[in-house]
Every structure is written in structure tokens, then in C-alpha cells.
Amino acid sequence: MPYEDTTKLTITDWAEEDRPRERLERLGAEALSNAELLAILIGSGTPQVSAVDLMKNVLASCHNNLNTLGKMTIRDLEAFKGIGPAKAITILAACELGKRRAREKAEERTDLGSATAIYNLMHPKMQDLDVEEFHILLMNQHFKLIREVRISHGGITETAVDIRVIMREAILNNTTVLAACHNHPSGNTHPSRQDDQLTERIRKACDIMRIYFLDHVIVTDGSYYSYREQGKL
């Protein structure tokens with residue numbers, strides 16, 4: 001009689017590219033099945049059944065419908081070997097978050113299509129600083145803010161800025177429009193020669209990466225300077 005290996009592989013025995021956590025990191029959450037996403041939440045299965053297979057069994061009992069899963073009780077879930085109170089509570093908490101997200105409106109992103117809008121956003125953050133800070137504002141093609149990133153925090157008259165860091169943040173955040181902003185603690189809005197040189201380096205880097213460089217705004221307490229408005233971009 002041929003030998004039959006009945007050993008059950010756990011997730012840690014799988015090839016790394018097949019493990020749910022690694023797949024999510026590599027491909028994004030949308031690439032994973034419901035069972036794989038739930039397996040990440042519960043963390044482990046049993047010596048006989050992996051977390052993914054355990055959640056496949058649970059979902060099968062719900063006809064693979066997440067709404068039905070959300071209607072289960074803790075006791076219902078505990079009926080499955082490998083699911084205790086902690087895992088049952090985690091699953092139901094995730095289902096409840098899904099329901100609440102579906103009820104909420106998407107967050108309204110700030111529109112930063114003008115130097116005034118950029119100033120109004122950044123002035124409260126920069127008005128009392130006694131040293132220079134350099135920030136970038138990463139936007140989509142509709143000038144809606146994706147993320148604001150502080151690139152450097154430095155001296156009284158200037159701060160060091162690495163163009164490579166700016167471009168890395170822009171690429172990682174799928175940026176199509178970028179604006180730069182820094183403050184002048186002195187209150188003088190006029191750009192320095194170093195400001196002009198930095199602006200030009202950012203413009204060239206954005207051109208290479210096909211990112212629209214919207215503006216470089218210098219903020220003081222009560223006023224601003226815009227390279228775009230001054231015709232220097």
C-alpha cells in the first residue's frame with residue numbers, strides 16, 4: 001500500500017509569497033479572499049487546520065456571505081474548533097467596522113488648488129515656529145490633499161531638504177500634483193537664493209517623474225509668497 005502523508009501544512013509552512021500577511025503587503029488587501037483577510041485577524045488555526053482553512057469553513061456555513069457572518073453570535077462562532085472567545089470577538093468586531101464604514105460618507109479631502117488654500121492650511125501649523133520647516137503637500141489630479149509630509153526641521157534661516165526624500169514620498173503616495181511649503185521665522189516673505197535653487201531642483205525632479213509641481217509657498221505669520229503667483233513656475 002503506498003504511503004500517504006497526512007501531515008497538515010500550517011500557514012508558516014507555506015511558501016512566503018502564499019501567506020496572507022505577505023500577500024497583502026506585496027499585492028494589497030484587495031488581492032486577498034475574504035477567508036485570507038479573516039485569517040490575518042484571527043492569527044492562527046489549529047494543529048490540523050490553518051487559519052485560512054478554518055475561516056473557509058466558517059464562511060461556507062454562511063454561504064460565503066459577510067452579512068450573514070456579521071449576524072452570527074460569539075457562541076455560533078465558538079462552535080467551530082479553533083475559534084475561542086477572543087477570535088470570535090475579533091471577527092464580529094471586524095464585521096461591525098465594515099458596517100459602520102458602509103454607513104459613513106467618504107472623508108472630504110482638502111482642495112489645495114491655490115496658494116491661498118495652501119497658506120490657509122499651513123499657516124496655523126507654522127505661524128509660531130522659531131525655526132524653518134519644509135513640508136510637501138501630496139495631491140491627486142483634482143488638487144485634493146492625499147497627505148502632508150514634513151521633510152525637514154532646521155535652522156533659523158534655512159533647512160536642509162533632500163530631493164530624493166520628496167520624490168520617494170510622492171511616488172509612494174501615488175501623487176500626481178505636488179506643492180512645497182516652508183516658513184520664514186523672520187517674517188520676510190521674499191525668497192532667498194537658496195529658496196530659488198531648491199524650487200528649481202524640485203521642479204526638475206517633478207518633470208522627470210511626470211508630477212505637476214503646483215507651487216512653492218513661503219509662509220510667514222500674516223502673509224505668504226507664491227512662486228506660481230509670481231510667475232516663477
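Glu36 is buried in this predicted model, with a relative accessible area of 13%. Its salt-bridge partner is Arg23, and the closest N and O atoms of the two are 3.3 Å apart. Because Glu36 belongs to helix α2 and Arg23 to helix α1 (residues 20–27), the pair ties together parts that are 13 residues apart in sequence. Arg23 also counts as buried, at 16% relative accessibility.

**Salt bridges**

The structure holds 13 salt bridges in total. In general, side chains of opposite charge can pair when their charged atoms come close.

| Salt bridge | N to O distance |
|---|---|
| Glu36 and Arg23 | 3.3 Å |
| Asp111 and Lys144 | 4.0 Å |
| Asp207 and Arg203 | 2.7 Å |

Asp111 is partly exposed at 41% relative accessibility, and Lys144 is partly exposed at 22%.

Asp207 and Arg203 both belong to helix α9 (residues 193–209); because they are 4 residues apart there, about one helical turn separates them. Asp207 counts as partly exposed, with 46% relative accessibility, and Arg203 counts as partly exposed with 26%. Elsewhere, salt bridges with shared partners join Glu96, Arg100 and Arg103 into one network.

**Nonpolar core and surface patch**

In soluble globular proteins, nonpolar side chains tend to be buried together. Here the largest nonpolar core comprises 19 residues, and those with the most contacts inside it are Met55, Val58, Leu69, Leu77, Ile83 and Ile91. Two or more residues of this core come from each of α2 (34–42), α3 (51–61) and α6 (85–103). Helix α3 gives the most, with 6 residues.

Ile171 is located in helix α8 (residues 163–172) and is partly exposed, with a relative accessible area of 45%.

**Aromatic pairs**

Across the whole structure there are 3 aromatic pairs. In one of them, the ring centres of Phe143 and Tyr212 are 6.5 Å apart and the planes stand at 75 degrees, so the arrangement is edge-to-face. Phe143 lies in the loop between β1 (133–139) and β2 (145–153), whereas Tyr212 lies in strand β4 (residues 212–220), so this pair ties together parts that are 69 residues apart in sequence. Phe143 is partly exposed, with a relative accessible area of 26%; Tyr212 is partly exposed at 40%.

A further pair is formed by Tyr225 and Tyr227, with centres 5.3 Å apart and planes at 85 degrees, so it is edge-to-face. Tyr225 and Tyr227 are buried.

**Cysteines**

The count of disulfides comes to 0. For Cys95, the closest cysteine sulfur is that of Cys62, at 8.5 Å, which is too far for a bond, because a disulfide requires sulfur atoms within 2.5 Å. Cys95 counts as buried at 14% relative accessibility, and Cys206 counts as buried at 0%.

Note on methods: Residues are numbered from 1 along each chain as its sequence is written. This is a predicted model: local features need pLDDT of at least 70, side-chain atom pairs count only at pLDDT 80 or more; totals for chains, interfaces and linings use all residues. Side-chain values use heavy atoms; hydrogens and water are left out. Buried means under 20% relative accessible area, exposed over 50%, partly exposed in between (1.4 Å probe, protein chains only). Rings of Phe, Tyr and Trp (its six-membered ring) pair if their centres lie within 6.5 Å; planes under 30 degrees apart count as stacked, over 60 as edge-to-face and the rest as tilted. A nonpolar core is a set of buried Ala, Val, Leu, Ile, Met, Phe, Trp, Tyr and Cys residues joined through side-chain atoms within 4.5 Å. A salt bridge is a side-chain nitrogen of Lys or Arg within 4 Å of a carboxyl oxygen of Asp or Glu.
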